[in-house]
Amino acid sequence: MKVLVFIALMVIGTADATAKRITNENWRGILQGEWLVKFYAPWCPACRGMTHTWKELDTWAAKDMTSLSVGDVDVTEEAELNGRFMVTSLPTIYHVKDGIFRQYKSSRSLKDFQDFIIEEKWKTLKPMTSWLSPDSYVMTGVSQLFSFSMNLKNFHESLRTDYGLPGWASMLLFGLAVIVIGLLLGIGLVLFIDWWMGPQPDMYEGQQMSVEEIDGKRDEGESEEKVEEIREAEEENEEEEETSKSTEKKNLRKRKVKKED
């Protein structure tokens with residue numbers, strides 16, 4: 001009987017020391033109250049090194065700091081949350097207070113975590129901007145991209161394992177799919193822009209008038225150039241006539257002088 005009681009107490013103690021598992025289905029629960037959330041991966045040595053400390057933190061929060069909840073996220077199974085929180089290193093720890101996110105970057109000892117909560121050191125940290133917040137539309141879109149990439153990876157593995165398709169054939173299929181989808185998206189975007197931003201039928205008349213005006217101005221410019229050329233030619237003729245007249249006068253004078261002699 002004593003053995004059964006001891007086992008029961010051990011099970012209860014283990015349950016109390018287990019942080020809440022955060023998934024893509026229940027993650028919005030951390031938007032209420034105060035949380036410390038750890039992002040980890042089973043293969044990460046640093047993550048494994050702080051497992052005991054994280055359990056102690058959860059036990060302390062359950063007994064002495066009931067306003068604090070402790071959770072963790074396995075990034076190998078929650079790709080959407082990995083993208084939503086833009087986790088780039090492991091382990092990554094976030095402090096969440098009423099939907100406001102701050103990243104914890106201090107020492108990872110139990111006392112440091114306790115002082116961080118008790119002394120409210122999180123107030124000295126800069127909160128995440130609204131557009132980078134995990135519940136924003138931007139990060140929701142990023143999480144969907146991460147989910148789509150994981151679905152593609154799973155589909156690729158399914159082609160190889162379930163259907164026996166060679167790796168090169170699967171990659172070729174994906175390459176063709178990317179090209180076709182890109183072409184379709186490009187054509188669709190061009191058609192949409194042409195429909196949305198293209199000129200309306202009543203604008204063509206204005207465009208034709210503007211072209212006619214440009215042609216008229218061009219003709220006017222050409223006619224002005226021709227007039228200038230004609231004027232220059234007339235001035236040159238006048239100068240030639242004057243020079244010829246002056247030479248004739250000089251010749252007449254010379255003849256008169258010779259006759260007198």
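Glutamate 234 is partly exposed, with 45% relative accessible area, where partly exposed covers the range between buried (under 20%) and exposed (over 50%), computed with a 1.4 Å probe on protein chains only. This residue sits in helix H8; helices here are DSSP runs of H or I with at least four residues, strands are E runs of at least two, and both are numbered from the N terminus. The model is a predicted one, in which local features need pLDDT of at least 70 and side-chain atom pairs count only at pLDDT 80 or more, while totals for chains, interfaces and linings use all residues. Residues are numbered from 1 along each chain as its sequence is written, and side-chain values use heavy atoms, with hydrogens and water left out.

Glutamate 234 belongs to a negative surface patch together with Glu225, Glu229, Glu232, Glu235, Glu236, Glu238, Glu239, Glu240, Glu241 and Glu242. A patch gathers residues with over 30% relative accessible area and no salt bridge, joining like charges within 9 Å and nonpolar side chains (Val, Leu, Ile, Met, Phe, Trp, Tyr) within 5 Å. The accessible areas come from the Shrake-Rupley method with a 1.4 Å probe, and for residues only the protein chains shown count as cover. Lys and Arg count as positive, Asp and Glu as negative, and His and the chain ends are not counted; each charge is placed at NZ of Lys, CZ of Arg, CG of Asp or CD of Glu. A positive patch is also found, made of Lys245, Lys249, Lys250, Arg253 and Lys254. Of these residues, lysine 250 lies in helix H8 (residues 203-260) and is exposed at 53% relative accessible area.

A nonpolar surface patch of about 760 Å² is built from Leu189, Phe192, Ile193, Trp195, Trp196 and Met197. Leucine 189 is part of helix H7 (residues 167-197).

Turning to the sheet, five strands form an open arrangement in the order E1-E3-E2-E4-E5, with mixed pairing. E1 and strand E5 (100-104) are at the edges with a single partner strand each, so one side of each has no neighbour in the sheet. Two strands are taken as paired if DSSP finds at least two bridges between them. Strand E2 (residues 34-40) and E3 run parallel and are joined by seven bridges, and lysine 38 has aspartate 72 in E3 as its bridge partner. E4 and E5, by contrast, run antiparallel and share five bridges; here histidine 95 stands opposite arginine 102 in E5. The hairpin of E4 and E5 has two residues between the strands, and aspartate 98 takes a positive phi near 55° there. In a regular strand, side chains alternate between the two faces of the sheet.

The salt bridges come next. With a salt bridge defined as a side-chain nitrogen of Lys or Arg within 4 Å of a carboxyl oxygen of Asp or Glu, the count comes to four. One of them pairs arginine 21 with glutamate 77, with 2.6 Å between the closest N and O atoms. This pair links distant parts of the chain, as arginine 21 is in strand E1 (residues 20-21) and glutamate 77 is in the loop between strand E3 (68-74) and H4, 56 residues apart. Arginine 21 is partly exposed at 33% relative accessible area, whereas glutamate 77 is exposed at 54%.

Another salt bridge connects aspartate 115 and lysine 111, whose closest N and O atoms are 2.8 Å apart. Both residues lie in helix H5, four residues apart, or about one turn of the helix. Aspartate 115 is buried at 16% relative accessibility, while lysine 111 is exposed at 54%. Lysine 121 bridges to glutamate 119, with the closest N and O atoms 3.7 Å apart, and lysine 121 is partly exposed at 37% relative accessibility.

Some backbone details deserve a look as well. The peptide bond from leucine 90 to proline 91 is cis, with omega near -10°, and proline 91 is in the loop between helix H4 (79-84) and strand E4 (92-97). Methionine 86, in the loop between H4 and E4, has a positive phi of about 50° although it is not a glycine; its relative accessibility of 42% makes it partly exposed. Glutamate 120, also not a glycine, has a positive phi near 55°. Its place is the loop between helix H5 (110-118) and helix H6 (137-161), and glutamate 120 is partly exposed at 36% relative accessible area.
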